[in-house]
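Biologist: I'd like to learn how to read a structure like this one. Can we go through it together?

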Amino acid sequence: MKNILDLSLDELAQIVKPNFRARQIYQWIYQKYADSFEQMSSIPKELRSELAKEYDLSPLKIVRTQKSKDGSIKYLFEARDKNRIESVLLPMKEEVSDENGKITRHARYTICVSSQVGCRMGCSFCLTAKGGLTRNLSAGEIVGQILAVKKDNAIAYERRVNIVYMGMGEPLDNLENVAKAVKILAENDGLSIAPRRQTISTSGLATQIKKLGEKDLGVLLAISLHATTDELRTRLMPVNKAYNIEAVMQAVREFPVDLRKRVLFEYLVIKGENDSLSDAKRLVKLLHGIKAKVNLIYFNPHEGSTYARPEPADMLRLQDYLSAHGVTCTVRASKGLDISAACGQLKERSKEII
Ligand code: SAH
Ligand code: SF4
């Protein structure tokens, strides 16, 4: 069986001619959340049964969900070949003021998706790194995570969601499929998630950052920096041997960024490793001249890890220093801590439970 979610609108239009048929099918899949081809009542019966013989509509099966006290929901999916991946739905309240200045609160959704089964980057703090890389996800398996999460929560298709490629895997190690997923997700007859609502997070594959920039998709870029010296960064992230901090920063400087947007720098804070004032000082220097935003992340401990969660006071000191020096900075609220919603953790635990 082929996965119909793997098809771009153009590819589908070549199969089901004419063009408007492809649009209709996209609408059935991504806007009306059809569960079967049979349901697609505006499509000729013959075409429906032909498609049903060849294509699969839901390539991912929900194996398990876990709801956190803070409202985030973690999904464990099983692909056709039995490999497992995970995604997280993060609902957030957003304050919006209307034309009279009245403040209302809206639910805003962010979905965190995986790009690979496993990862070969080997970061020492990351659970996903443990088993290495099994395989890349196809574009349709990436799109399928978002479709399944929206469907499962009955989130109407026109509700805006943000996508972050921060689940399992290194998105730029699977650039072609990720780029295709970005385009499928952005399709107006589909989920209509504009590229500027999609953030690709990378451990810093400089050559691939350049390639992503050349594609000019309009996505946002996030860099997992985590350290301000090559010595420490190499210890945390072996990929730093191939692309050191300077190489990453150079690739960032050359990346096309929307004038209204910034590059996001993720900085995983680990107790006693990178949480000192000197780290904050070096970070400010590194970001000089770059339109950057820093996200400080509390290290989320997992079994077998030798690192520890930083003290809130040290976190605050980093944040204060950055803010005082003009660097926009947020501390990532530890969403889903009770369900281990960081990278790779549900999958690991599910081995014991299921
Ligand atoms: N491979 C990409 C995207 C997936 S990882 C990347 O590394 O950027 C997404 C984020 O989760 C990264 O910033 C990573 O550093 C972070 N992460 C990994 N393990 C973590 C842990 N134990 N606690 C908190 N964040 C973690
Ligand atoms: Fe891979 Fe990102 Fe985990 Fe590093 S942090 S091993 S790049 S998923």
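Biologist: Which backbone oxygen lies 3.1 Å from a polar atom of the side chain of Q31?

Modeller: Look for a polar contact: two N or O atoms within 3.5 Å, where within protein one must be able to donate a hydrogen and the other to accept it, and neighbours in sequence count only if both atoms are side-chain atoms. Here the Q31 side chain has a polar atom 3.1 Å from the backbone oxygen of N188. The side chain of Q31 also reaches the backbone oxygen of G190, at 2.9 Å. Before we go on, this is a predicted model: local features need pLDDT of at least 70, side-chain atom pairs count only at pLDDT 80 or more, and totals for chains, interfaces and linings use all residues. Residues are numbered from 1 along each chain as its sequence is written, chains are lettered from A and ligands numbered from 1 in the order in which they are written, and side-chain values use heavy atoms, leaving out hydrogens and water.

Biologist: Where is the place of Q31, and is Q31 buried or exposed?

Modeller: Q31 counts as buried because its relative accessibility is 17%. Q31 sits in the loop between α2 and α3; helices (H or I, at least four residues) and strands (E, at least two) are DSSP runs, numbered from the N terminus. S42 is also placed in the loop between α2 and α3, but S42 is partly exposed, with a relative accessible area of 36%.

Biologist: How do I read one side of a helix? Which residues of α3 are buried?

Modeller: Take the directions from the helix axis to the C-beta atoms, and ask what arc they span. In α3 (residues 45–54), L47, R48 and L51 are buried. Down the axis of α3 these fall within an arc of 105°, so they line one face of the helix. On the face turned away from that buried side, α3 carries the exposed residues K45, E46 and K53.

Biologist: What about α10, and which of its residues are buried?

Modeller: The buried ones are D314, M315, L318, Y321 and L322. Their arc around the axis is only 130°, which puts them on the same side of α10. The exposed residues P312, A313 and A324 are on the face turned away from the buried side. You can check the length too: expected span is 1.5 Å times one less than the number of residues. For the 13 residues of α10 (residues 312–324) that gives 18 Å, and the end C-alpha atoms are 18 Å apart, which agrees.

Biologist: And the backbone angles?

Modeller: Most residues other than glycine have a negative phi, and most peptide bonds are trans. In this model the K17 to P18 peptide bond is cis, with omega near -5°, and P18 is in the loop between α1 (9–16) and α2 (19–30). K82 is not a glycine, yet has a positive phi of about 75°. K82 lies in the loop between β4 (73–78) and β5 (84–97) and counts as exposed, at 58% relative accessibility. S192 has a positive phi too, near 60°, and is found in the loop between α5 (175–186) and β10.

Biologist: How many residues surround ligand 1?

Modeller: Count residues with a heavy atom within 4 Å. For ligand 1 there are 22, the closest being G169, S201, S224, H226 and N300. β10 (198–202) and β12 (263–269) each supply at least two residues of that shell. As for polar contacts, S201 has a polar side-chain atom 2.7 Å from an oxygen atom of ligand 1, and E170 has one 3.4 Å from a nitrogen atom of ligand 1. An N or O atom in the E266 side chain is 3.0 Å from an oxygen atom of ligand 1. The protein covers 94% of the 540 Å² of accessible area that ligand 1 has on its own (Shrake-Rupley method, 1.4 Å probe).

Biologist: How many residues surround ligand 2?

Modeller: 10 residues surround ligand 2, with C119, M121, C123, C126 and A129 the closest.

Methods. Buried < 20%, exposed > 50% of the residue type's maximum accessible area, 1.4 Å probe, protein only.
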